[in-house]
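Please prepare a short briefing on the ligand site of the structure shown here.

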Amino acid sequence: MKSTEKIWINGEFVKWEDAKVHVLSHALNYGTGVFEGIRVYPNSNGKAIFRLKDHMRRFFDGLRVMDFHLPYTLEEMCEAVRETVRVNEDVDYLKPCAFLAGEAVGLNPVGVPISVSITAVNMGSYLGKEIQENGAKLIISSWKRPWNMSSPAGAKINGLYVTSCLAKMEAVKLGADEALMLNAQGNVAECSGENIFIIKRGKLYTPKTTDSILEGITRNSIIKLARDMGYEALESEVSRLEVYTADEVFMTGTAAEITPVTMIDHRPIGDGRPGSLTRQLQEAFHNVVSGKDRRYADWLEYV
Ligand code: PPE
């Protein structure tokens, strides 16, 4: 990850090194924040922001869940994101974040001042080019995905990501690349920062939004692309057995894009190499974000 020049915070730009918060901020102590992750694809037509409005809608849904109120509308936040892309040289990923910046001791978030920031970075490949091309090795984590009974599992709440950090750390320490988490029912939920798809006999399956997952925008894009390519793509419960015995498995995420999975708990998936439909979907997604496939032009916003 490389830093950029300027960060948007509460309506103005400050230098990267000046974007600071107090150590006693509520968000730092209790994880009270909502964030997003958005890709920017530089292509021959300019810098394209992928599905900006959909990301910002999810951001505002998260704010509603937390009962946080910003002095900006959704459209004003979209414009602030565009502006952040314009003022920074080398951007491929954006992280808007609304967090309780006020200093506070005690859990009650009511009345604690909120701040909102938009950080632009140059991320490159999230899991690494090698993994994106040749596939990731997963373990099923001993940490379960935070579920709907104890958290707003479908919102990108900062504090919820501690479980993802624990799962990721466990995976890496066991020599894997990524962690797959189960939900309270013991079914497959998602990875530390990615949704999961399996392919069995030519059909795609991905866990339902009620299975304690984040409703990924890349997930939604892949469902649409697969259906437009003539494949059946179903949102359904996915068991541990089904993921082990799938013909192909892949992960989706803004950061990870489409990443093949070739091994889970030391069991090769299919023939242990990225599957052909996974490859087709990777290519289809690449054609969309590079602006080559005009059918999905409304998913890209140029600045
Ligand atoms: N599940 C989780 C838990 C998740 O964090 C992400 C995004 C997804 C699924 C995929 O959602 P979407 O990006 O809308 O397709 N994870 C972000 C990376 C987390 C991080 O900050 O690191 C991302 O991909 O931007």
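The residues of the shell around the ligand comprise 7 nonpolar, 9 polar and 6 charged, where Ala, Val, Leu, Ile, Met, Phe, Trp, Tyr, Cys and Pro count as nonpolar, Asp, Glu, Lys and Arg as charged, and the others, Gly among them, as polar. This is a predicted model, in which local features need pLDDT of at least 70 and side-chain atom pairs count only at pLDDT 80 or more, while totals for chains, interfaces and linings use all residues. Residues are numbered from 1 along each chain as its sequence is written, and side-chain values use heavy atoms, with hydrogens and water left out.

**Location**
- Domain 1 (6-121) and domain 2 (129-289) both contribute residues to the shell, so the ligand lies between them; the domain bounds come from an automatic or database domain assignment.
- At least two shell residues come from each of β6 (93-100), α6 (217-228) and β14 (248-253), with helices (H or I, at least four residues) and strands (E, at least two) taken as DSSP runs numbered from the N terminus.

**Contacts**
- Y93, Y126, Y161, T218 and T254 come nearest of the 22 residues around the ligand (one heavy atom within 4 Å).
- A side-chain N or O atom of Y93 is 2.5 Å from an oxygen atom of the ligand.
- For Y126, a polar side-chain atom lies 2.6 Å from a ligand oxygen atom.
- The side chain of K156 has an N or O atom 3.2 Å from an oxygen atom of the ligand.

How values were computed
Polar contact = N/O pair within 3.5 Å; in protein donor to acceptor, adjacent residues only side chain to side chain.
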